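Biologist: I would like a close look at a single part of this model, with the cut-offs spelled out as you go.

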Amino acid sequence: MSQYFKVDGRTLWNPSNGAARLFLRQVAVFEAELELPSGIGLMEADESRIDPVTFQMFVAALLARHRRTSHGVLIALSEGFVATVLVLAERAHLEIGWKSVDLAMGNGRTDVQVPSPSTPVGDEAWAAALQDRSRELGRFMAW
């Protein structure tokens, strides 16, 4: 058996039951952390429908939060989830507001690692690395 994550009847991802279950549990964690709905619906009859408008807002907030931290453990714990969400957003043809993520940095960094990394990563390098990770992961995410 497998599960389906869909937007407007189009399959974005068809993971195994275990991968889908773990992903949905992570969705709940990040919804709580961001205090925002994800737009990813419950799994019913092996299908989860994604509301693209709500999901796009969730992706923007998730990226902004991920960008604001320099805490190594938080980055490690969230990077795989963020990359997975980016694959789904790309497959849903959602606009990723990388510039709005840069603007969110105006609020400053949160969850700073002590000691902090010696060289902060610039916005373009950060976005490029995350996009590369997402593309790499996307190769393993069956449609």
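How are α2 and α3 oriented to each other, roughly parallel or roughly antiparallel?

Modeller: This is a predicted model, in which local features need pLDDT of at least 70 and side-chain atom pairs count only at pLDDT 80 or more, while totals for chains, interfaces and linings use all residues. Residues are numbered from 1 along each chain as its sequence is written, and side-chain values use heavy atoms, with hydrogens and water left out.

The axes of helix α2 (residues 52-68) and helix α3 (residues 72-91) cross at roughly 150° and come within 11 Å, the axes being lines fitted to C-alpha atoms over the stretch in contact, with angles from 0 to 180 degrees between N-to-C directions. The two helices, which are DSSP runs of H or I with at least four residues, numbered from the N terminus, are therefore roughly antiparallel to each other, a term for angles over 145 degrees.

The contact (heavy atoms within 4.5 Å) involves Phe 55, Phe 58, Val 59, Leu 62, Leu 63 and His 66 of α2, and on α3 Ile 75, Ser 78, Glu 79, Phe 81, Val 82, Val 85, Leu 86, Leu 88 and Ala 89. Of these contact residues, 12 are nonpolar, two polar and one charged, where Ala, Val, Leu, Ile, Met, Phe, Trp, Tyr, Cys and Pro count as nonpolar, Asp, Glu, Lys and Arg as charged, and the others, Gly among them, as polar.

In the loop between α2 and α3 sits Thr 69, which is buried at a relative accessible area of 5% (buried means under 20%, with a 1.4 Å probe and protein chains only). A polar atom of the Thr 69 side chain lies 3.1 Å from the backbone nitrogen of His 71.

Terms used
Angles under 35 degrees count as roughly parallel, over 145 as roughly antiparallel, 65 to 115 as roughly perpendicular and the rest as oblique. Buried means under 20% relative accessible area, exposed over 50%, partly exposed in between (1.4 Å probe, protein chains only). A polar contact is a pair of N or O atoms within 3.5 Å; within protein, one must be able to donate a hydrogen and the other to accept it, and residues adjacent in sequence count only if both atoms are side-chain atoms.
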